[in-house]
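Please open the model in your viewer and keep the sequence panel beside it. This tour moves from the whole chain to single residues, and each stop tells you what to select.

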Amino acid sequence: MADSGIEIEISADLVRELLREQHPDLAGLAVREVAGGWGNQMWRLGDELAVRMPRTAGAPELLRKECRWLPVLAPRLPLPVPVPVRIGEPSARFPKPWTIMTWVPGEPLDQGSISRGDHAADALAGFLKALHAQAPEDAPISQDRGDHPKKCTDGFDRFFHAVVPDGLADGVRAVWDDAVAAPEWDGPPVWVHGDLHPANVVVSDGTLSGVIDFDAMFAGDPAWDLAAAWVILPAGTAARFFDAYARADEATIRRARGLAALKSLFLMLMGRNGDQGLPGGKPAWGPAGRAALDRVLKGDLLTR
């Protein structure tokens with residue numbers, strides 16, 4: 001679910017030096033570090049741009065994927081997404097490519113909340129309806145996401161045994177087993193964000209206002225994104241979301257709910273790692289993951 005490569009130390013001074021060398025017309029803008037990130041470190045550049053610096057081994061390849069496909073996808077999406085506007089080339093100062101992207105205003109959901117649940121459900125459904133168009137033959141295929149849940153049992157079992165709360169194990173296992181038993185996606189591969197969770201969407205005025213971090217995007221089963229009905233949206237809004245999305249059959253919803261359980265457990269594990277001070281841990285993700293798992297378990301299996 002994440003890159004485990006070695007991080008590269010990146011400072012504001014390094015970002016400024018790279019800008020002066022390669023994009024001097026932007027070098028006078030203020031540079032401010034953005035907390036968070038995993039494979040990439042983000043720096044605000046003025047008010048409307050951001051510098052995205054890969055810091056792990058696999059990040060440059062994912063960055064190139066974003067640069068190739070986000071300009072194609074962004075014009076048809078109804079919510080703001082980051083769009084690359086400049087490319088930074090590898091150099092003696094920094095041996096990896098890097099990008100300057102448009103900044104998506106708002107607060108990451110793992111640091112905020114959604115109070116206008118119906119509005120957010122409609123916004124997410126509209127976004128995914130627009131995104132989930134048939135992908136071209138040369139669209140990327142994911143190496144660690146996109147498979148049917150039955151091919152993800154090792155990952156699920158690892159997260160399950162690590163963090164599943166006492167008293168919830170049977171319910172979580174039942175949701176997962178139902179997803180594993182669901183029929184496979186039989187439609188054409190569609191564009192999928194692939195990593196929708198609270199740190200990868202932004203909120204403003206109590207509702208969803210943007211989607212970020214597309215480095216996992218691939219062509220495949222839309223259920224991987226539809227899991228966001230439970231992972232991102234507040235309780236009681238999944239039915240409205242699926243009604244507005246209007247394209248998910250029963251099998252797809254079953255797979256999506258199981259994948260939501262998988263993603264919830266992953267968030268809880270990253271939260272626990274953060275609480276323990278382990279590398280890559282995210283303390284804020286633990287409560288977000290537990291809340292999402294509760295939503296998964298409380299929601300009846302939706303059918304069309």
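How many Å² does the accessible surface of the protein come to, and what percentage of it belongs to carbon and sulfur atoms? With areas taken by the Shrake-Rupley method and a 1.4 Å probe, where for residues only the protein chains shown count as cover, the surface comes to about 13,100 Å², and 50% of it belongs to carbon and sulfur atoms. Before you go on, note that this is a predicted model, in which local features need pLDDT of at least 70 and side-chain atom pairs count only at pLDDT 80 or more, while totals for chains, interfaces and linings use all residues. Residues are numbered from 1 along each chain as its sequence is written, and side-chain values use heavy atoms, with hydrogens and water left out.

**The whole chain**

Show the protein as a cartoon, and you can look for 10 helices and 10 strands; helices (H or I, at least four residues) and strands (E, at least two) are DSSP runs, numbered from the N terminus. The C-alpha trace spans about 55 × 40 × 35 Å along its principal axes. Of the 304 residues, 54% are buried, where buried means under 20% relative accessible area, exposed over 50%, and partly exposed in between (1.4 Å probe, protein chains only). Contact here means heavy atoms within 4.5 Å, and among the contacts with a separation of 6 or more, 72% join residues 24 or more positions apart.

**Helix 3**

Select residues 117-131, which form helix 3. Its 15 residues should span 21 Å at 1.5 Å a residue, and its end C-alpha atoms are 21 Å apart, which agrees; the expected span is 1.5 Å times one less than the number of residues. Among the buried residues of helix 3 are Ala 120, Leu 124, Phe 127 and Leu 131. An α-helix has 3.6 residues a turn, so residues three or four places apart point the same way.

**Helix 10**

Next, select residues 285-298, the 14 residues of helix 10. Trp 285, Leu 293 and Val 296 are among its buried residues, and their cover includes helix 5 (169-181), helix 7 (228-231) and helix 9 (250-275).

**Two buried residues**

Move to Met 217, in the loop between strand 9 (207-211) and strand 10 (218-220). Is Met 217 buried or exposed? It counts as buried because its relative accessibility is 1%, and the residues that Met 217 touches include Trp 69, Leu 73, Pro 140 and His 193.

Then select Ser 209, which is found in strand 9 and counts as buried at 16% relative accessibility. Its contacts, leaving aside neighbours within four places in sequence, include Leu 79, Pro 105 and Val 203.

**Two loop residues with positive phi**

Most residues other than glycine have a negative phi. Select Asp 205, in the loop between strand 8 (201-204) and strand 9, where phi is near 50°, a positive value; Asp 205 is exposed, with a relative accessible area of 68%. Finish at Ala 246, in the loop between helix 8 (238-245) and helix 9, whose phi is near 65°, a positive value, and which counts as exposed at 54% relative accessibility.
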